Amino acid sequence: MTKLGNTDLDVQGINLGGNVFGWTADEQQSFAVLDAYTAAGGNFIDSADLYSGGGSETIIGDWLTKRGRRDDVVIATKTGMWEQRRGLSAANIAAAAEDSLRRLQVDHIDLYYAHIDDPETPIEETLRAFDALVRAGKVRYIAASNYSAERLGEALSISDREGLAKFAALQPHYNLVERDYERDLAPTVEREGLTILPYFSLAKGFLAGKYRSKDDLGDSPRAARASSYLDERGERVLSALDGIADGRGVSVAAVSLAWLFAQPTVTAPIASARSVEQLNDLLPAADLSLTADELDALTTASR
């Protein structure tokens with residue numbers, strides 16, 4: 001178990017992404033993945049009201065209730081990006097939280113995110129709304145996603161000044177082929193003592209080795225977006241991943257996630273699986289400790 005930043009939430013292994021539940025994985029497939037994930041020791045599930053228009057939260061809630069697992073897992077969800085609950089006004093946050101609690105069939109959310117910054121709403125209004133949820137016991141901790149370093153720093157300063165609940169974690173877009181985080185956000189995160197839970201950890205499947213040529217793209221919902229990495233740099237990264245994966249006897253996906261696990265302030269990369277077979281490729285990452293030479297080879301290839 002690892003502490004999630006400065007919280008008292010204990011998490012283990014990969015942060016299982018719920019974005020596929022109700023999208024590319026139906027309820028039966030989703031239940032199978034959730035069963036296998038928790039059987040392997042995982043306990044950290046990520047969702048959002050946006051995912052499948054609340055369908056992901058509904059599936060997770062049904063699974064929690066039918067399996068009786070609420071006390072065994074840490075549940076994270078988000079609001080602010082879904083068109084039906086767009087923005088971070090106080091009224092919207094309060095209503096969105098109630099909706100998520102109902103779909104998840106729980107009395108509290110462990111980690112509740114602002115899914116995207118809302119420049120139309122004063123940050124203090126947003127933070128006061130989140131603070132009210134924490135004080136009411138409906139949310140344990142709050143977090144941010146898709147914030148700039150400037151806006152994140154401003155939010156943290158307001159929380160300190162006003163004595164409000166403070167973002168405990170950040171969910172940035174970060175992986176071997178998307179490294180802007182290191183330049184733009186890492187200094188603020190490290191200075192403020194936050195932890196990060198990167199999303200698109202496998203670059204929409206590219207860093208799982210699924211897409212190596214245009215012929216591999218097929219009709220996958222993510223393939224078109226992953227195709228942007230099919231260039232000289234992407235080929236270098238895949239080559240480095242292949243060499244390490246072959247030598248370690250694990251999947252390319254596991255090596256990609258292990259690189260993220262080794263980065264400063266990363267607690268648990270978010271990765272999703274629509275089948276148990278896909279999940280089994282991911283799970284070894286939590287116990288895979290790459291050598292300094294292996295880390296350097298991957299970091300260099302991805303520059």
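The model is predicted: local features need pLDDT of at least 70, side-chain atom pairs count only at pLDDT 80 or more, and totals for chains, interfaces and linings use all residues. Residues are numbered from 1 along each chain as its sequence is written, and side-chain values use heavy atoms, leaving out hydrogens and water.

Let's start with the core. A nonpolar core is a set of buried Ala, Val, Leu, Ile, Met, Phe, Trp, Tyr and Cys residues joined through side-chain atoms within 4.5 Å. Buried means under 20% relative accessible area, exposed over 50%, and partly exposed in between (1.4 Å probe, protein chains only). Here the largest such core has 97 residues, and Phe44 and Leu152 have the most contacts inside it. Helix H10 (residues 252-261) gives the largest share, eight residues. Helices (H or I, at least four residues) and strands (E, at least two) are DSSP runs, numbered from the N terminus.

Next comes Asp110, which sits in strand E6 (residues 109-114). Asp110 is buried, with a relative accessible area of 3%. Its side chain takes part in the polar pairs below; a polar contact is a pair of N or O atoms within 3.5 Å, where within protein one must be able to donate a hydrogen and the other to accept it, and residues adjacent in sequence count only if both atoms are side-chain atoms.

| Partner of the Asp110 side chain | Distance |
|---|---|
| His108, side chain | 3.2 Å |

Finally, Thr291 is found in the loop between helix H11 (276-282) and helix H12 (292-301). Thr291 is partly exposed, at 38% relative accessible area.
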